[in-house]
Amino acid sequence: MKKRAIITGITGQDGSYLAELLLEQGYDVTGVIRRSSAPNFWRIQHLLDRITLRPGDLLDQLSLTKIIQEVRPHEFYNLAAMSFVPASWDQPMLTGEFNSQGVTRVLEAVRQVDPSIRIYQASSSEMYGRVREVPQTELTPFYPRSPYGVSKVFGHYITVNYRESYNMFAVSGILFNHESPRRGLEFVTKKVTDGVARIKLGLADTLALGNLDAKRDWGFAGDYVRAMWLMLQQDQPDDYVIATGVTHTVQQLVQEAFGHAGLDWQKHVKTDPAFLRPAEVDLLIGDASKARTALGWEPKVDFRQLVAMMVDADVARLSQGR
Ligand code: NAP
Ligand code: GDD
């Protein structure tokens, strides 16, 4: 019998890679999409003849219950969220509705229809915020620094709570930053690689950025969705840190990306206070030992390969006028 999975956030970066992985594993994949006036399928265009899309929204519990009742999945991956940290200061209430109560709605919908469905919740290293420990593990206390981080802490603990209260197979993956050519344009990696490609092709001359000193543990999204799937294949539900264990500053990212294109970053990069945040997360570096041991998970793509992949993809895309 084919396994069935529901993915919320299938139109996002991670949703598209996870859908590919589950199709390769022989799953029937259903993606939840929220209605918009125009389709937003550029990341899943190549999958549309192999997946089913159903309308639903994290704000609307009945829509979630209906989809779960109709699909009766074995696994439910809750990837949908308001995921851009700066926007969470502009819309803190909505961020909480999506990222906190949205998770409760998913858990409650699953519990009411069939509590044996396995649930993956997309937790985040942003929860560590002003870090209490270096590197960060599953046991490091949280100290979120943005409404986004705060909302994800709620989502994390409500998932743990449903597991402990109702004996559900509900797990949280605490994923550190992961990127790809499908990353949204506003995130720093994609903004930099897109900017490099534009400068390389003569379409732009400068790139304005914010804090160049922040450090992130950047991995490849294709590697990270494998960890999500592995978490739901275990005998016991548990939470895992997923990270490369290597950290770089934004400036190192910039140097690497411009260098890959044969450009001198200092001639093109400006800093603009408009991109600074009210409160910053200065340093993230994860210890994924538990995932390595228990899941057999390891990242395959390192920082240099990731940056090269993204720059090359942006040069190719912009060369074709897309
Ligand atoms: P993304 O590219 O921004 O995708 C977010 C997805 O959520 C989109 O498909 C979006 O749909 C959907 N969505 C947003 N609000 C929704 C709502 N109310 N109802 C239904 N769908 C909604 O994010 P991502 O990078 O793939 O990240 C996936 C998840 O992992 C998120 O929960 C994020 O917070 C978390 N996470 C990401 C990282 C990372 O580094 N990428 C690290 C840790 C955790 P539209 O296309 O309609 O906007
Ligand atoms: N976006 C952006 N734009 N970030 C900049 C810029 C800029 O122009 N200049 C410097 N930065 C710095 C930010 O201040 C931050 O310290 C770092 O680059 C990374 O920013 P983002 O790429 O926007 O990611 P993030 O770390 O805030 O959040 C991402 O990772 C989280 C996991 O740690 C998102 O994917 C979240 O959804 C995810 O949970």
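**Close-up views of a predicted model**

**View 1. Polar contacts of ligand 1.** An oxygen atom of ligand 1 sits 2.8 Å from a polar backbone atom of Asp-14. The protein covers 89% of the 910 Å² of accessible area that ligand 1 has on its own. The model shown here, and in every view below, is predicted. Gln-13 also approaches the ligand through its backbone, with an N or O atom 3.0 Å from an oxygen atom of ligand 1. For Thr-11 the contact is made by the side chain: one of its polar atoms is 2.6 Å from an oxygen atom of ligand 1.

**View 2. The shell around ligand 1.** How many residues surround ligand 1? The shell holds 24 residues, and the closest are Thr-11, Arg-34, Asn-40, Ser-83 and Tyr-148. By residue class, the shell divides into nine nonpolar, ten polar and five charged residues. Strand S5 supplies the largest share, three residues.

**View 3. Helix H6, residues 188-200.** Is H6 largely enclosed or largely open? Ten of its 13 residues are buried, so the helix is largely enclosed by the rest of the structure. The buried positions are Thr-189, Lys-190, Lys-191, Val-192, Thr-193, Asp-194, Gly-195, Val-196, Ala-197 and Ile-199. After H6 comes Gly-202, which has a positive phi near 75°.

**View 4. Asp-194 within H6.** Asp-194 belongs to helix H6. Its relative accessible area is 7%, and because the cut-off for buried is under 20%, Asp-194 counts as buried. Which residues does Asp-194 touch, leaving aside those up to four places away in sequence? They are Leu-185, Asp-314, Arg-317 and Leu-318.

**View 5. The cis peptide bond at Pro-135.** Val-134 and Pro-135 are joined by a cis peptide bond, with omega about -5°. Pro-135 is located in the loop that runs between strand S5 (118-124) and helix H5 (147-166).

**View 6. Arg-72, a residue with positive phi.** Arg-72 has a phi near 50°, which is positive although the residue is not glycine. The loop that holds Arg-72 lies between helix H2 (61-71) and strand S4 (75-78). Is Arg-72 buried, partly exposed or exposed? With a relative accessibility of 41%, Arg-72 is classed as partly exposed.

View 7. The loop between H5 and strand S6 (170-175) contains Asn-167. Phi of Asn-167 is near 60°, again a positive value in a residue other than glycine. The relative accessibility of Asn-167 is 72%, and because exposed means over 50%, Asn-167 counts as exposed.

Conventions: Residues numbered from 1 in each chain as written. Chains lettered and ligands numbered in written order. Predicted model: local features only at pLDDT ≥ 70, side-chain atom pairs only at ≥ 80, totals over all residues. Heavy atoms only, no water. Buried < 20%, exposed > 50% of the residue type's maximum accessible area, 1.4 Å probe, protein only. Helix = DSSP H or I, 4+ residues; strand = E, 2+ residues; numbered from the N terminus. Contact = heavy atoms within 4.5 Å. Near = heavy atom within 4 Å. Polar contact = N/O pair within 3.5 Å; in protein donor to acceptor, adjacent residues only side chain to side chain. Areas by Shrake-Rupley, 256 points an atom, 1.4 Å probe, with all protein chains shown as cover. Nonpolar A, V, L, I, M, F, W, Y, C, P; charged D, E, K, R; others polar.
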